[in-house]
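Good morning, colleagues. Please look at the sequence and the structure on the screen while I describe them.

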Amino acid sequence: MSLECGVFHTRYEADMGLRPRPVQRIRLGVFALFVLLFPFVAGPYWLNLANQVAIATVGAIGLNLLVGSTGQISLGHGAFMAIGAYTSGLLTLHLGVPWGASIFAAALVTAAVGAFFGLPSLRLKGLYLAIATLAAQEIVEWGMTNWTAVTGGAEAIVVPAPVLFGVRLNSDFAFYWIAVLTAGGAALFAANLLRSRVGRAFEAVRDQDIAASVIGVDVFRTKLLAFATSSFLAGLAGAMIAFHRNIITWERFTLSTSILFLAMIIVGGLGSIRGSFLGAALITLLPAMIDNLGRSIQDTAPQIAAVLPYAQQAVFGIVIILFLIFEPRGLSRLWGNVKDYFHVWPFAYRRGESGAR
């Protein structure tokens with residue numbers, strides 16, 4: 001007598017499905033229900049954090065496609081987000097372009113700029129490519145602060161609030177739906193991209209670009225496409241930040257922003273769309289958690305509460321180090337371990353721990 005110990009499909013469509021198993025569809029349905037109900041029960045503070053998480057998820061997915069799926073290290077993600085923010089804001093402010101069209105146009109412009117800065121990837125890799133993208137970050141940052149005729153220099157740019165069917169979308173409740181739909185669309189796009197011929201080429205270049213070239217992959221074209229796709233999503237995230245805040249300032253897109261997004265994909269899990277969301281959520285919510293902890297112990301331990309705001313950067317560093325040491329594959333792998341445990345529980349033979357026949 002043989003016992004089933006795996007997942008079997010009898011149709012090709014089922015094997016290719018994004019969520020082939022019923023339990024996966026149930027989890028997705030529960031999460032979708034939570035997302036739909038959340039804005040009706042959450043206050044403005046938590047809605048604002050949810051919007052930040054959704055926007056950060058879009059940017060993190062873009063960076064993960066480049067770093068996690070293609071193996072091209074980038075320290076210029078904040079610069080590409082800045083290009084998206086300034087392009088969308090200036091198009092709407094000076095040319096009167098509708099906010100939706102300006103966001104899409106800004107993403108396309110950022111994709112073109114990202115492809116241009118990806119040209120060195122033909123000759124460079126690893127640390128050298130990281131330095132090249134760091135140069136891109138510094139160039140764009142210099143342009144933001146010194147090209148006063150376009151960006152206004154160090155002064156902030158105020159953009160008009162987005163309006164849809166006569167409803168202003170500058171409130172956290174209204175913008176929540178745009179942010180969530182955009183994040184969901186970015187995740188769906190990335191998931192299908194990685195299952196396509198292009199996605200397989202990304203992973204082949206990441207694993208060994210010479211071997212990928214031998215089997216017929218156009219390595220240079222693949223790297224440029226990865227830079228363009230990543231920059232497109234980065235520009236989309238930057239444009240969303242511009243219309244969420246209705247203000248654009250260069251301080252939001254410095255080198256620390258690029259490092260912050262690298263931390264998101266490292267903590268969440270490289271090469272994982274789910275990890276992009278988990279990492280974006282943790283890194284975005286961590287400062288809020290520290291602030292709330294400080295306020296809660298302000299009366300009982302005022303000395304500790306006074307130090308906590310200054311310890312945020314140290315906490316970020318500690319979190320990254322702990323994940324690199326104990327779980328380099330990030331939160332996505334931890335969640336996978338939990339799912340695997342309950343998938344086989346309580347039958348140990350399904351983990352290969354028993355000689356059941």
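Predicted model: local features only at pLDDT ≥ 70, side-chain atom pairs only at ≥ 80, totals over all residues.

**A partly exposed residue and its surroundings**

At 32% relative accessibility, Asn-337 counts as partly exposed, because that value falls between the 20% and 50% limits. Asn-337 has its place in helix α16, which covers residues 330-344. From Asn-337 to Pro-162 the distance is 42 Å, C-alpha to C-alpha, and the two are 175 residues apart in sequence.

Asn-337 also leads us to Glu-327. Leaving aside neighbours within four places in sequence, Glu-327 is in contact with Asn-337, and also with Leu-322, Arg-333 and Leu-334. Glu-327 is found in the loop between α15 (312-326) and α16. Is Glu-327 buried or exposed? Its relative accessibility is 16%, and it therefore counts as buried, the limit being under 20%. Between the C-alpha atoms of Glu-327 and Arg-25 there are 27 Å, with 302 residues separating the two along the chain.

Let me turn to Arg-27. This residue belongs to helix α2, residues 22-41. Arg-27 is partly exposed, and its relative accessible area is 29%. Which residues does Arg-27 touch, not counting those up to four places away in sequence? They are Trp-335 and Lys-339. Both numbers can be located on helix α16, whose residues are 330-344. Ile-320 is 293 residues from Arg-27 along the chain, and their C-alpha atoms are separated by 28 Å.

I now move to the chain as a whole. The protein chain has 16 helices and four strands. Its radius of gyration is 22 Å, close to the 21 Å given by the globule rule for 357 residues, so the chain is as compact as a globular protein of that length. The C-alpha trace spans about 75 × 60 × 45 Å along its principal axes. Among contacts between residues at least 6 apart in sequence, 76% join residues at least 24 apart.

Next, the surface and the charges. The protein chain exposes about 18,900 Å², and carbon and sulfur atoms supply 68% of that area. There are 24 positive and 17 negative side chains, and the centres of the two sets lie 9 Å apart.

As for the interior, buried residues make up 45% of the 357 residues. The largest nonpolar core contains 71 residues, of which Val-58, Ile-248 and Phe-253 touch the most other members. Helix α11, residues 219-245, contributes the largest share of this core, namely eleven residues. Apart from neighbours within four places in sequence, its contacts include Gly-78, Ala-79, Met-81, Ala-82 and Ala-85. Among its other contacts are Gln-137, Glu-141, Met-144, Ile-241 and Ile-248.

The buried residues of α9 (197-207) are Gly-199, Ala-201, Phe-202, Ala-204 and Val-205. Against what do these buried residues pack? They pack against α8 (172-194), α10 (209-214) and α11.

Asn-246 is buried, and its relative accessible area is 14%. Its phi is near 60 degrees, a positive value in a residue other than glycine. For context, most residues other than glycine have a negative phi.

Note on methods. Residues numbered from 1 in each chain as written. Heavy atoms only, no water. Helix = DSSP H or I, 4+ residues; strand = E, 2+ residues; numbered from the N terminus. Rg over C-alpha atoms; globule rule 2.2 N^0.38 Å. Buried < 20%, exposed > 50% of the residue type's maximum accessible area, 1.4 Å probe, protein only. Contact = heavy atoms within 4.5 Å. Areas by Shrake-Rupley, 256 points an atom, 1.4 Å probe, with all protein chains shown as cover. Lys, Arg positive; Asp, Glu negative; His and termini not counted. Charge placed at Lys NZ, Arg CZ, Asp CG, Glu CD. Core = buried A, V, L, I, M, F, W, Y, C linked by side-chain atoms within 4.5 Å.
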